[in-house]
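Please examine the sequence and the coordinates together before reading on.

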Amino acid sequence: EASGIFSNDGDKFFFTRWTSGMGEKEHAIYMSRFLNKQWLMPMKLNSNVNVGGFKSMNPSLNKQGTILYFATDRPGGIGKMDLWYTPIDEFGKAGTAVNLGPVVNTDGDEITPFYDYASKILYFASDGHQGLGGLDIFKSGLSDEGGDTIWSKPLNLKAPINSSSD
């Protein structure tokens, strides 16, 4: 298990599970619910998030827990690993996933999204935007103009947050 996030109410936990079997490796996002003072068996999210044969990982949520951000190398992306989002209900059923687009995603890797809902800032790692070397941390602001989700040009957080290494 890797990179997880709790919902704001603390009743749901989304995480990446890496499994391997029969020569295949899988990186998929799962959710567990806290019910009757215990955590339920984790369930793999549906194919709107986890596309067979492709990696899905690094979940993050908005404040209400209704939007799931994640990294994936699924078809329809711009680069290797891209950032996507999907509406998600309280039971973990995900709607149609949407790529964050070419302002955020590059032909390289964008991974580990974290959405700070207080500031409406998305933080993520990228090796495709101009950086100091390897995967650098960037931030992009969210605005909602006329119902369209618009991300600002990502800004590199520079040193001492970033360096010539990942």
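## Basis of the model

This is a predicted model, in which local features need pLDDT of at least 70 and side-chain atom pairs count only at pLDDT 80 or more, while totals for chains, interfaces and linings use all residues. Residues are numbered from 1 along each chain as its sequence is written, and side-chain values use heavy atoms, with hydrogens and water left out.

## Overall fold and dimensions

The protein contains 14 strands and zero helices; both are DSSP runs numbered from the N terminus, with strands (E) of at least two residues and helices (H or I) of at least four. Along the principal axes, the C-alpha atoms fill a box of roughly 45 × 45 × 30 Å.

Buried residues account for 39% of the 166 residues; buried means under 20% relative accessible area, exposed over 50%, and partly exposed in between, with a 1.4 Å probe and protein chains only. The accessible surface is about 9200 Å², and carbon and sulfur atoms contribute 54% of it. These areas come from the Shrake-Rupley method with a 1.4 Å probe, and for residues only the protein chains shown count as cover. Of the contacts (heavy atoms within 4.5 Å) between residues at least 6 apart in sequence, 38% join residues at least 24 apart.

## Strand pairing

Two strands pair if DSSP finds at least two bridges between them. Strand β1 (residues 2–6) runs antiparallel to strand β2 (residues 12–21), joined by four bridges. Within this pair, Ile-5 has Phe-14 in β2 as its bridge partner. The two strands form a hairpin with five residues between them, and Gly-10 in the turn has a positive phi of about 75 degrees.

Six bridges connect β7 to strand β8 (residues 82–87), and Thr-86 in β8 is the bridge partner of Leu-68.

## Nonpolar cores

A nonpolar core is a set of buried Ala, Val, Leu, Ile, Met, Phe, Trp, Tyr and Cys residues joined through side-chain atoms within 4.5 Å. The largest has 14 residues, and Leu-83, Leu-100, Leu-122 and Trp-151 have the most contacts inside it. At least two of its residues come from each of β7 (67–72), β10 (110–116) and β11 (121–126); β11 supplies the largest share, three residues.

Apart from this core lies another of 13 residues, including Val-49, Leu-61, Leu-68 and Ala-97. Beyond four places in sequence, the contacts of Leu-100 are Tyr-69, Leu-83, Trp-84, Tyr-85, Asn-105, Leu-122 and Trp-151.

## Two individual residues

Asn-162 is located in the segment after β14 (155–156) and is buried, with a relative accessible area of 5%. A polar atom of the Asn-162 side chain lies 2.7 Å from the backbone nitrogen of Ile-137. Beyond four places in sequence, Asn-162 is in contact with Leu-132, Asp-136, Ile-137, Asn-156 and Leu-157.

Ser-20, in strand β2, is exposed, with a relative accessible area of 61%. Its C-alpha atom is separated by 33 Å from that of Lys-139, a residue 119 places away along the chain.

How values were computed:
Polar contact = N/O pair within 3.5 Å; in protein donor to acceptor, adjacent residues only side chain to side chain.
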